[in-house]
Amino acid sequence: MNFLAAAGSRRLCAMRAVFPYLWRGKYFSSGNEPAENNSVTPMLRHLIYKIKSTGPITVAEYMKEVLTNPAKGYYMNRDMLGEDGDFITSPEISQMFGELLGIWFISEWIAAGKNAAFQLVELGPGKGTLLGDILRVFSQLGSLLKNCDISLHLVEVSQKLSEIQALTLTEEKVPLERNVESPVYMKGVTKSGIPVSWYRDLQDVPKEYSFYLAHEFFDVLPVHKFQKTPHGWREVLVDIDPQVSDKLRFVLAPCATPAEAFIQNDETRDHVEVCPEAGIVIQELSERISLTGGAALIADYGHDGTKTDTFRGFCGHRLHDVLTAPGTADLTADVDFSYLRRMSQGKVASLGPIEQQAFLRNMGIDVRLKILLDKTDEPSLRQQLLQGYNMLMNPMKMGERFNFLALVPHQRLHGRTHQTNARQSKPSPSPVAGFGELAWR
Ligand SMILES: C[S@@+](CC[C@H](N)C(=O)[O-])C[C@H]1O[C@@H](n2cnc3c(N)ncnc32)[C@H](O)[C@@H]1O
């Protein structure tokens with residue numbers, strides 16, 4: 001655990017905001033919130049036109065349009081993260097989060113045999129804060145990585161966020177290369193000299209030995225919603241309210257719809273959300289890891305196939321009705337980790353999901369906090385560190401709601417049980433950092 005002392009030991013990062021900002025894992029049931037903003041947005045006009053032309057749309061289509069429509073999508077042209085945005089995420093709360101993830105990747109790289117090169121691939125990197133913290137750890141532990149050829153690959157659909165990521169990571173010391181027509185739409189070099197490339201789709205990232213990271217990425221992928229009825233499963237659709245012409249409402253499809261195929265035959269809940277796109281991404285990650293090696297670390301809020309209605313919106317650090325003023329608020333649904341594990345089966349081994357508080361504790365967050373506190377007498381910095389720790393670890397805050405899942409090649413576990421679920425039983429010793437108790441040598 002010398003890593004913990006070395007990781008960024010010379011650097012306490014600038015203040016990061018903590019209170020009173022809202023984290024998206026906060027759960028609530030959609031549909032009952034007062035409308036906060038009734039304006040007819042360009043996205044609402046677009047959706048009304050679409051529904052008038054082709055009929056009610058699925059919640060998945062609604063979510064995809066609202067979030068990532070190239071012209072008007074919520075994620076495409078704004079910075080929604082942090083104080084002036086709509087919500088806050090763990091890397092924006094505390095530098096310790098990214099530092100411990102940086103250590104996880106180095107630890108996996110060492111355990112898997114110190115490959116001569118690796119790609120670090122992040123899905124949905126937000127402002128690039130998490131990668132920035134990880135790279136600082138890579139620099140601090142440069143003696144370990146000095147003979148390793150590292151490159152960064154960012155999968156990001158948002159033009160605006162990719163510009164912010166570029167600024168965070170490269171400070172544009174070397175001019176960026178841009179080509180909107182190409183699958184690699186931007187290229188640059190980080191402050192520490194690591195090449196970085198941007199893609200809109202994971203499929204376009206070179207299939208080389210890689211470590212993959214997805215933090216609060218899967219929860220923005222579109223979900224289909226289904227309600228059990230006396231006539232069987234019926235999909236929830238979005239339609240125009242017949243009473244108010246510029247208002248949307250939920251309706252049930254009159255007959256079966258294709259996405260019903262994603263519901264398990266033995267499903268006992270009466271309302272389910274299914275996310276086929278998450279399955280596609282997990283299958284792609286699993287195939288890549290089984291072919292070329294490496295690992296994936298997925299962190300998000302979610303459940304193990306038990307929750308029902310989790311679709312919700314956030315705007316200006318407040319919960320927001322999902323059908324009101326579309327395009328101005330974030331939309332999200334809890335990640336079904338049991339589905340992610342099912343989709344990875346056969347190709348790779350999965351570890352977790354394990355709660356964030358357990359994962360970070362196993363990674364040594366308590367030691368890291370002490371090291372950082374010992375380095376400063378500045379009261380505001382000390383308070384920020386303690387508040388950040390509390391937000392990440394407190395079971396009433398992000399500690400229990402957020403989970404970590406890892407995908408590793410089967411060989412990595414050497415004949416041990418390939419699937420462990422920390423919720424089911426006392427965790428057995430794990431060869432993968434973070435998924436078993438921290439061992440002091
Ligand atoms: C909730 S933010 C999380 C940001 C960051 N990982 C963090 O934790 O601070 C979701 C990120 O995923 C990106 N995103 C959303 N849909 C995407 C998609 N279909 N493909 C790639 N990136 C996407 C967003 O632009 C944003 O960067």
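Me: In this predicted model, a residue counts as near a molecule if one of its heavy atoms lies within 4 Å of it. How many residues surround the ligand, and which are the closest?

Reply: The shell around the ligand holds ten nonpolar, six polar and four charged residues. Together, 20 residues surround the ligand. The closest are Thr89, Gly124, Gly126, Glu156 and His215.

Me: What share of the ligand's accessible area does the protein cover?

Reply: On its own, the ligand has 600 Å² of accessible area. The share of this that the protein covers is 95%.

Me: Where does the ligand sit, and what is the volume of that space?

Reply: The space taken by the ligand is the largest pocket. The volume of this pocket is about 920 Å³.

Me: Which elements give two or more residues to the lining of the largest pocket?

Reply: The lining has 41 residues, and those closest to the pocket centre are Thr68, Val157, Phe217, Val220 and Leu221. By class, the lining divides into 22 nonpolar, eight polar and eleven charged residues. The elements that give two or more residues are helix H3 (59-68), helix H4 (90-93), strand S2 (117-123), helix H6 (129-140) and helix H9 (276-292).

Technical notes
Residues numbered from 1 in each chain as written. Predicted model: local features only at pLDDT ≥ 70, side-chain atom pairs only at ≥ 80, totals over all residues. Heavy atoms only, no water. Areas by Shrake-Rupley, 256 points an atom, 1.4 Å probe, with all protein chains shown as cover. 1 Å grid on protein atoms, 1.4 Å probe; cavity = no way out; pocket = protein on both sides within 12 Å on 5 of 7 lines; lining within 4 Å. Sits in = over half its atoms within 2 Å of the grid points. Nonpolar A, V, L, I, M, F, W, Y, C, P; charged D, E, K, R; others polar. Points joined across faces, edges and corners; volume = space filled by probe spheres on them. Helix = DSSP H or I, 4+ residues; strand = E, 2+ residues; numbered from the N terminus.
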